[in-house]
Amino acid sequence: MAFYKTLLIFFFVAACAAFDAMAQLSGDYYSSSCPKAESIVRAGVAEALKNETRNGASLLRMHFHDCFVQGCDGSILLDDNATFVGEKTAIPNINSIRGYSIIDDIKGSLESACPGVVSCADIVALAARDSVVLMGGPNWEVELGRRDSLTASKDLANKSIPPPSSDLKALVTSFSVQGLSFKDMVVLSGAHTIGFSRCTSFRGHIYGDSKIDPSYTNSLKKICPIKGNDDVLASLDFLSPHHFDNSYYTNLIHKKGLLHSDQVLFDDNSADSFIQSYANTPPLFFKDFADVMVKMSNIKPLTGKQGEVRKNCRKTN
C-alpha cells in the first residue's frame with residue numbers, strides 16, 4: 001500500500017510539473033474570469049495620462065525594467081521585506097521608475113471587479129501597451145496569464161538593466177542575455193521617443209562625447225551644468241516628447257541623442273541601417289516595435305502554479 005501511495009504522489013507531482021511546463025500565455029486569458037480586465041486597465045492608464053502625460057513613458061519603462069530582472073513577473077513592484085531588498089532602490093530604478101501608485105490604483109479597481117484574478121505582472125504589461133497606444137503609437141495583443149513573483153532582487157536589477165552610459169558592446173550583451181537580438185535592441189530603444197531623463201543621466205554624454213551636435217549640446221548645457229541641477233529633466237526626444245513616433249531615430253541621425261546609450265546606436269555600425277529605415281518608414285517602426293514588445297513581454301513569465309496572484313502589488317500574499 002505504501003508503495004502505491006508513493007507512486008500516486010509521484011505521478012501527481014509529475015502531472016503538476018507538466019501542467020506548469022505546458023501553461024502558456026494567451027490573449028483571452030481573462031475572457032471568463034475577468035472580462036473587463038483590459039478595459040479597466042486602459043481606463044486607469046488614460047486617467048494617469050490625463051493627470052500627467054509623462055506617466056505614459058514611466059509605465060512603459062516600468063515594464064522594460066521589470067522584464068529584465070527575473071523575467072516579466074511584477075518583481076519591480078515589491079517593497080523591501082525581511083527576506084529580500086527589492087528592486088525599487090536599485091541604481092537603474094531609484095530615480096527613474098515612476099508610476100507605482102498608478103499600478104496600485106488599477107489593481108484596486110481590478111480587485112473590486114474580480115478579486116484575486118488579475119496578476120500585477122499582467123497589469124504592468126497591459127499598462128505599457130495602453131500607454132503607447134494612447135500616446136499615438138502602435139497597438140498589439142498582450143498575451144496574458146503571467147503570475148507574480150514571490151521575490152525580487154536589487155542586486156540583479158543593478159546588474160541586468162543597462163545604464164545610460166552603456167557602450168554598444170554592453171548594450172548588446174544586456175539584451176542578448178534576455179534572449180533579445182541586436183535588431184530587437186534597436187527597436188526597443190525607440191521607446192525613448194517619449195519620456196524624459198535627469199541631468200545626471202546625460203551629463204557625461206554632453207560634456208564628454210564629441211559625437212553629438214554642438215548646438216544641441218549647448219542647449220542642454222544651459223540646464224545641466226557640470227555640477228548641480230542633477231534632477232533637471234530633458235526630453236529623450238526633443239522633437240515630440242509627448243507623442244509616440246519615429247523621431248527618436250531622426251534625432252540619432254542628426255547626432256541629437258540625449259543619452260550616450262542612444263547615440264552609440266548610430267555611429268558607423270551595423271545598427272545604422274535599421275535606424276535609417278525606421279527614420280524613413282514610420283509604419284515599419286510601429287510594426288517592429290509591436291512585435292518586439294510581444295517578444296519582450298514573454299521573457300521568462302511565471303505561469304500555471306508558479307508564483308501567485310498578489311492581492312497587493314507591493315507585497316506577497
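Ala, Val, Leu, Ile, Met, Phe, Trp, Tyr, Cys and Pro are classed here as nonpolar, Asp, Glu, Lys and Arg as charged, and the others, Gly among them, as polar. The model is predicted, so local features need pLDDT of at least 70 and side-chain atom pairs count only at pLDDT 80 or more, whereas totals for chains, interfaces and linings use all residues. Residues are numbered from 1 along each chain as its sequence is written, and side-chain values use heavy atoms, with hydrogens and water left out.

**Figure 1. The largest pocket and its lining**. Of the 37 lining residues, H65, S96, P162, P164 and H192 lie nearest the centre of the pocket. (A pocket is an open set of points on a 1 Å grid over the protein atoms alone, with protein on both sides within 12 Å along at least five of seven lines; lining residues have an atom within 4 Å of a point.) Elements that give two or more residues to this lining include α3 (54–67), α8 (168–177), α10 (199–208) and α15 (282–297), and α3 gives the most, with six. (Helices are DSSP runs of H or I with at least four residues, strands are E runs of at least two, and both are numbered from the N terminus.) By class, the lining holds 23 nonpolar, ten polar and four charged residues. The volume of the largest pocket is about 850 Å³, a volume being the space filled by probe spheres set on grid points that are joined across faces, edges and corners.

**Figure 2. The largest cavity**. A search of the whole structure finds one cavity of 30 Å³ or more; a cavity is a set of grid points where a 1.4 Å probe fits but cannot get out. The largest cavity has a volume of about 50 Å³ and is lined by R54, A57, S58, R61, S96, R98, G195 and F196. Helix α3 provides the largest share of this lining, four residues. The lining comprises two nonpolar, three polar and three charged residues.

Figure 3. L110 touches C34, A37, I40, V41, P115, V118 and I123, not counting residues up to four places away in sequence; contact means heavy atoms within 4.5 Å.

**Figure 4. Surroundings of L258**. L258 is placed in the loop between α12 (247–253) and α13 and counts as buried at 0% relative accessibility. Among the residues touched by L258 are F202, H205, Y216 and L236. The C-alpha atoms of L258 and D237 are separated by 7.5 Å, although these residues are 21 apart along the chain.

**Figure 5. Positive phi at D268 and K300**. Most residues other than glycine have a negative phi. D268, in the loop between α13 and α14 (272–280), has a positive phi of about 55° and is exposed, with a relative accessible area of 75%. K300, in the segment after α15, has a positive phi of about 40° and is exposed at 53%.

Key: Buried < 20%, exposed > 50% of the residue type's maximum accessible area, 1.4 Å probe, protein only.
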